[in-house]
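Morning, everyone. I have one structure to go through today, and I will keep to what the coordinates show.

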Amino acid sequence: GPEDDNAVRAVRSCDPSGPFVCYVSRLLPVEGEEGEEDAGEGTPGKAYGLGRLFSGALKSGQTVKVKSSSFKAQDHVHYCQEVESIALSMGDSMKSLPQTFLVPPGNLVAIAGPGLHRQILKAATLTDRS
């Protein structure tokens, strides 16, 4: 992006007070009750979006804009998604964070939200900007 853009400067400096920018690189299926992996449609929190937070901060309940691989800037079409829960990936398990925990930039996070797995095809950028 342009050098004088606020988001570019915030990402470069990992600024916690800058605009929220997170790159989700993949979806992680959540195991079902019987131990089966299930990313079933219509069921909230069935997949986590694994991503790196580059700037801004993230907490549960925050509304973010999802710009997936099919996003076209000239169309100005994006999906808004509420963050239902956040977890940190700890080896082969996930550690859920309290609802009030504010995740600073630089962290790898697993983000769940109702329908998030339907809005992200392969990868996506989450942001609070248009």
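I will start with the overall layout, then take a helix, a pocket and a few single residues.

Please keep in mind that this is a predicted model.

First, the layout. The protein chain contains two helices and eight strands. Reading from the N terminus, the order is α-β-β-β-β-β-β-β-α-β. The chain has 130 residues, and 39% of them are buried. If we take contacts between residues at least 6 apart in sequence, 71% of those join residues at least 24 apart. The accessible surface of the chain is about 7500 Å², and carbon and sulfur atoms account for 50% of that.

Now helix H1, which covers residues 6-13. Which residues of H1 are buried? They are Ala7, Val8 and Ala10. These three sit on the same side of H1, because the arc they cover around the axis is only 165 degrees. As for what they face, the buried residues of H1 pack against strand E2, residues 47-55.

Cys14 lies in the loop between H1 and E1. Its phi is positive, about 55 degrees, although Cys14 is not a glycine.

Next, strand E2, and in it Tyr48. Is Tyr48 buried or exposed? Tyr48 has 13% relative accessibility, so it counts as buried, the cut-off being under 20%. Its contacts, leaving aside neighbours within four places in sequence, include Arg26, Leu27, Leu28 and Val30. Also on that list are Ser85, Ala87, Met94 and Ser96, and then Ala110, Ile111 and Ala112. For Val30 there is also a distance: it is 18 residues from Tyr48 in sequence, and the two C-alpha atoms are 7.1 Å apart.

Two of those contacts of Tyr48, Leu28 and Met94, come up again in the second largest pocket. How much space lies in that pocket? About 160 Å³. It is lined by 10 residues, and those closest to its centre are Leu28, Pro29, Asp92, Ser93 and Met94. Strand E1, residues 21-29, and strand E6, residues 93-96, each give at least two residues to the lining. Sorted by class, the lining has five nonpolar, three polar and two charged residues.

Two more residues before I stop. Gln62 is in the loop between E2 and strand E3, the latter being residues 63-68. Gln62 is a polar side chain by class, and it is buried, with a relative accessible area of 16%. What does Gln62 touch, apart from residues up to four places away in sequence? The answer is Phe20, Ala57, Gln81, Glu82 and Val83. Ser85 is 23 residues from Gln62 along the sequence, and their C-alpha atoms are 9.7 Å apart.

The other one is Lys67, in strand E3. Lys67 is in the charged class, and with 14% relative accessibility it counts as buried. Between the C-alpha atoms of Lys67 and Ile120 there are 8.2 Å, with the two residues 53 apart along the chain.

Key:
Residues are numbered from 1 along each chain as its sequence is written. This is a predicted model: local features need pLDDT of at least 70, side-chain atom pairs count only at pLDDT 80 or more; totals for chains, interfaces and linings use all residues. Side-chain values use heavy atoms; hydrogens and water are left out. Helices (H or I, at least four residues) and strands (E, at least two) are DSSP runs, numbered from the N terminus. Buried means under 20% relative accessible area, exposed over 50%, partly exposed in between (1.4 Å probe, protein chains only). Contact means heavy atoms within 4.5 Å. Accessible areas come from the Shrake-Rupley method with a 1.4 Å probe; for residues, only the protein chains shown count as cover. On a 1 Å grid over the protein atoms alone, a cavity is a set of points where a 1.4 Å probe fits but cannot get out, and a pocket is an open set with protein on both sides within 12 Å along at least five of seven lines; lining residues have an atom within 4 Å of a point. Grid points are joined across faces, edges and corners, and a volume is the space filled by probe spheres set on the points. The arc is that of the directions from the helix axis to the C-beta atoms.
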